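Subject: Structure handover

Hello,

The structure is below, followed by notes on what was found in it. Please keep it open while you read.

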Amino acid sequence: MFLVMGRRPVRTPRAFTLVEILIVVVILGILAAIVTPQFAGASQQTSQASFVTDLLNFEKAMDIYAARTGRYPGDGSSGQVPAGFEDYVRVEGFEGGTPVGGVWDLEYNDHGVTSAVGVHFNGSGYTQDDAYMSQIDAIFDDGNVNAGRFRRLAAGRYYLVVAE
(Lines give C-alpha, C1' and ligand atoms only; values in the text may rest on other atoms or scores of the structure.)
Protein backbone atom coordinates (compact mmCIF):
# COMPACT_ATOMS: atom_id res chain seq x y z
CA MET A 1 0.00 0.00 0.00
CA PHE A 2 1.29 3.39 -0.93
CA LEU A 3 0.45 6.72 0.60
CA VAL A 4 1.18 9.79 -1.29
CA MET A 5 2.49 12.71 0.77
CA GLY A 6 3.16 15.48 -1.52
CA ARG A 7 4.77 14.03 -4.59
CA ARG A 8 6.76 11.11 -3.16
CA PRO A 9 5.15 7.69 -2.62
CA VAL A 10 5.82 6.32 0.86
CA ARG A 11 5.63 2.60 1.51
CA THR A 12 4.04 1.57 4.81
CA PRO A 13 5.49 -1.61 6.35
CA ARG A 14 3.10 -4.58 6.73
CA ALA A 15 3.84 -7.26 9.35
CA PHE A 16 2.06 -9.82 11.48
CA THR A 17 0.83 -8.67 14.83
CA LEU A 18 1.71 -10.48 18.02
CA VAL A 19 -1.89 -11.69 18.36
CA GLU A 20 -1.83 -13.23 14.88
CA ILE A 21 1.42 -15.07 15.64
CA LEU A 22 0.04 -16.37 18.96
CA ILE A 23 -3.10 -17.67 17.24
CA VAL A 24 -0.99 -19.61 14.72
CA VAL A 25 1.18 -21.07 17.49
CA VAL A 26 -1.90 -22.20 19.45
CA ILE A 27 -3.44 -23.82 16.35
CA LEU A 28 -0.19 -25.68 15.62
CA GLY A 29 -0.04 -26.87 19.23
CA ILE A 30 -3.58 -28.22 19.05
CA LEU A 31 -2.83 -30.04 15.79
CA ALA A 32 0.34 -31.56 17.27
CA ALA A 33 -1.60 -32.77 20.32
CA ILE A 34 -4.12 -34.49 18.04
CA VAL A 35 -1.60 -36.11 15.68
CA THR A 36 1.05 -37.32 18.16
CA PRO A 37 -1.04 -40.11 19.79
CA GLN A 38 -1.93 -41.44 16.35
CA PHE A 39 1.76 -41.89 15.54
CA ALA A 40 2.32 -43.71 18.83
CA GLY A 41 -0.38 -46.22 17.90
CA ALA A 42 1.11 -46.63 14.44
CA SER A 43 4.49 -47.43 15.99
CA GLN A 44 2.95 -50.20 18.11
CA GLN A 45 1.14 -51.65 15.11
CA THR A 46 4.35 -51.57 13.09
CA SER A 47 6.25 -53.45 15.81
CA GLN A 48 3.50 -56.06 16.04
CA ALA A 49 3.34 -56.51 12.26
CA SER A 50 7.12 -56.88 12.07
CA PHE A 51 7.00 -59.46 14.89
CA VAL A 52 4.30 -61.47 13.09
CA THR A 53 6.25 -61.39 9.82
CA ASP A 54 9.44 -62.59 11.52
CA LEU A 55 7.51 -65.27 13.39
CA LEU A 56 5.98 -66.63 10.19
CA ASN A 57 9.39 -66.60 8.47
CA PHE A 58 10.90 -68.61 11.34
CA GLU A 59 7.97 -71.04 11.15
CA LYS A 60 8.65 -71.58 7.43
CA ALA A 61 12.35 -72.11 8.14
CA MET A 62 11.43 -74.71 10.78
CA ASP A 63 9.17 -76.51 8.29
CA ILE A 64 11.96 -76.57 5.68
CA TYR A 65 14.40 -77.84 8.33
CA ALA A 66 11.92 -80.61 9.27
CA ALA A 67 11.38 -81.58 5.62
CA ARG A 68 15.14 -81.93 5.07
CA THR A 69 16.14 -83.57 8.35
CA GLY A 70 13.01 -85.47 9.37
CA ARG A 71 12.57 -83.56 12.64
CA TYR A 72 12.16 -80.02 13.89
CA PRO A 73 15.14 -78.01 15.19
CA GLY A 74 16.17 -78.73 18.75
CA ASP A 75 15.51 -76.57 21.75
CA GLY A 76 18.21 -73.95 22.17
CA SER A 77 18.97 -71.28 24.70
CA SER A 78 16.71 -68.25 24.50
CA GLY A 79 18.16 -65.70 22.11
CA GLN A 80 20.54 -68.16 20.43
CA VAL A 81 20.09 -70.11 17.22
CA PRO A 82 19.99 -73.86 17.95
CA ALA A 83 22.75 -75.98 16.42
CA GLY A 84 22.00 -76.89 12.81
CA PHE A 85 19.36 -74.20 12.37
CA GLU A 86 21.79 -71.42 11.43
CA ASP A 87 21.67 -72.47 7.75
CA TYR A 88 17.93 -71.73 7.67
CA VAL A 89 17.72 -68.29 9.30
CA ARG A 90 19.72 -65.08 9.48
CA VAL A 91 21.61 -65.54 12.74
CA GLU A 92 21.75 -61.76 13.39
CA GLY A 93 17.98 -61.54 12.95
CA PHE A 94 17.31 -64.38 15.36
CA GLU A 95 19.85 -63.40 17.99
CA GLY A 96 19.17 -59.65 17.74
CA GLY A 97 15.92 -59.76 19.71
CA THR A 98 12.33 -59.33 18.61
CA PRO A 99 10.56 -56.15 17.49
CA VAL A 100 8.29 -56.33 20.56
CA GLY A 101 11.04 -56.89 23.14
CA GLY A 102 12.43 -60.08 24.63
CA VAL A 103 14.40 -62.63 22.62
CA TRP A 104 13.53 -65.28 20.04
CA ASP A 105 13.34 -68.85 21.25
CA LEU A 106 12.55 -72.33 19.93
CA GLU A 107 10.90 -75.07 21.94
CA TYR A 108 11.19 -78.75 21.10
CA ASN A 109 9.26 -81.40 23.04
CA ASP A 110 8.74 -78.98 25.92
CA HIS A 111 5.81 -77.09 27.45
CA GLY A 112 3.38 -79.60 25.93
CA VAL A 113 4.27 -78.99 22.27
CA THR A 114 6.47 -80.81 19.78
CA SER A 115 7.81 -77.64 18.19
CA ALA A 116 7.21 -73.91 18.62
CA VAL A 117 8.88 -70.58 17.93
CA GLY A 118 8.24 -67.39 19.82
CA VAL A 119 9.38 -64.72 22.21
CA HIS A 120 10.80 -65.24 25.67
CA PHE A 121 10.63 -62.17 27.88
CA ASN A 122 13.58 -63.17 30.02
CA GLY A 123 14.54 -59.76 31.36
CA SER A 124 16.57 -58.64 28.35
CA GLY A 125 14.99 -55.69 26.60
CA TYR A 126 11.49 -54.62 27.47
CA THR A 127 8.60 -56.93 28.38
CA GLN A 128 5.03 -57.11 27.10
CA ASP A 129 1.97 -58.30 28.99
CA ASP A 130 -0.97 -60.56 28.07
CA ALA A 131 -3.05 -57.61 26.82
CA TYR A 132 -0.36 -56.61 24.32
CA MET A 133 0.30 -60.18 23.22
CA SER A 134 -3.46 -60.78 22.84
CA GLN A 135 -3.44 -58.19 20.07
CA ILE A 136 -0.80 -60.26 18.27
CA ASP A 137 -2.76 -63.45 19.00
CA ALA A 138 -5.79 -61.91 17.29
CA ILE A 139 -3.82 -61.90 14.04
CA PHE A 140 -3.38 -65.68 14.23
CA ASP A 141 -6.63 -66.82 15.83
CA ASP A 142 -9.01 -65.72 18.59
CA GLY A 143 -7.05 -63.18 20.65
CA ASN A 144 -6.83 -65.60 23.58
CA VAL A 145 -3.21 -66.25 24.62
CA ASN A 146 -4.29 -69.29 26.65
CA ALA A 147 -5.27 -71.39 23.63
CA GLY A 148 -4.93 -71.63 19.89
CA ARG A 149 -2.06 -71.57 17.45
CA PHE A 150 -0.30 -68.61 19.13
CA ARG A 151 -0.32 -68.89 22.89
CA ARG A 152 1.47 -68.40 26.18
CA LEU A 153 3.33 -71.60 27.02
CA ALA A 154 4.67 -70.34 30.35
CA ALA A 155 5.16 -67.06 32.19
CA GLY A 156 6.80 -64.58 29.81
CA ARG A 157 6.80 -67.08 26.91
CA TYR A 158 4.52 -66.55 23.89
CA TYR A 159 4.89 -68.99 20.99
CA LEU A 160 3.49 -69.93 17.62
CA VAL A 161 2.96 -73.68 17.79
CA VAL A 162 4.44 -75.32 14.69
CA ALA A 163 3.65 -78.93 15.67
CA GLU A 164 1.63 -80.27 18.60
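A salt bridge here means a side-chain nitrogen of Lys or Arg within 4 Å of a carboxyl oxygen of Asp or Glu. The model is predicted, so local features need pLDDT of at least 70 and side-chain atom pairs count only at pLDDT 80 or more, while totals for chains, interfaces and linings use all residues. Residues are numbered from 1 along each chain as its sequence is written, and side-chain values use heavy atoms, with hydrogens and water left out.

Overall picture

Along the sequence the order is β-β-α-α-β-β-α-β-β. Of its 164 residues, 34% are buried (buried is under 20% relative accessible area, exposed is over 50%, and partly exposed lies in between, with a 1.4 Å probe and protein chains only). The accessible surface comes to about 9,900 Å², and carbon and sulfur atoms hold 58% of that (Shrake-Rupley method, 1.4 Å probe; for residues, only the protein chains shown count as cover). Taking contacts between residues at least 6 apart in sequence, 54% join residues at least 24 apart (a contact is heavy atoms within 4.5 Å).

Salt bridges

Side chains of opposite charge can pair when their charged atoms come close. The whole structure contains 6 salt bridges.

Glu107 and Arg157 form one of them, at 2.8 Å from N to O. Glu107 is in strand E3 and Arg157 in strand E6, so this pair ties together parts 50 residues apart in sequence. Arg157 also forms a salt bridge with Asp105, where the closest N and O atoms are 3.0 Å apart. That pair likewise links distant parts of the chain, from E3 (residues 103-110) to E6 (residues 157-163), 52 residues apart. Through shared partners, Asp105, Glu107 and Arg157 make one network. Asp105 is buried at 1% relative accessibility, Glu107 is buried at 2%, and Arg157 is buried at 16%.

Arg149 and Glu59 form another salt bridge, with the closest N and O atoms 2.4 Å apart. Arg149 sits in the loop between helix H3 (130-140) and strand E5 (150-154), and Glu59 in helix H1 (residues 18-69), so the bridge ties together parts that are 90 residues apart in sequence. Arg149 is partly exposed at 36% relative accessibility, whereas Glu59 is buried at 11%.

Strand E6 and its partners

Of the 7 residues of E6, 7 are buried, so the strand is largely enclosed by the rest of the structure. Strand E4 (residues 113-120) runs antiparallel to E6, joined by 6 bridges (strands pair if DSSP finds at least two bridges between them). E5 and E6 also pair in the antiparallel sense, over 4 bridges. Tyr158 in E6 has Val119 opposite, and Arg152 also stands opposite Tyr158. E5 and E6 form a hairpin with 2 residues between them, and Gly156 in the turn has a positive phi of about 75°.

A charged residue without a salt bridge

Asp137 is in helix H3. Asp137 is buried but has no salt bridge, and the nearest side chain of opposite charge, Arg151, is 8.5 Å away (Lys and Arg count as positive, Asp and Glu as negative; His and the chain ends are not counted). Beyond its neighbours within four places in sequence, Asp137 is in contact with residues including Asn144, Phe150 and Arg151.

Regards
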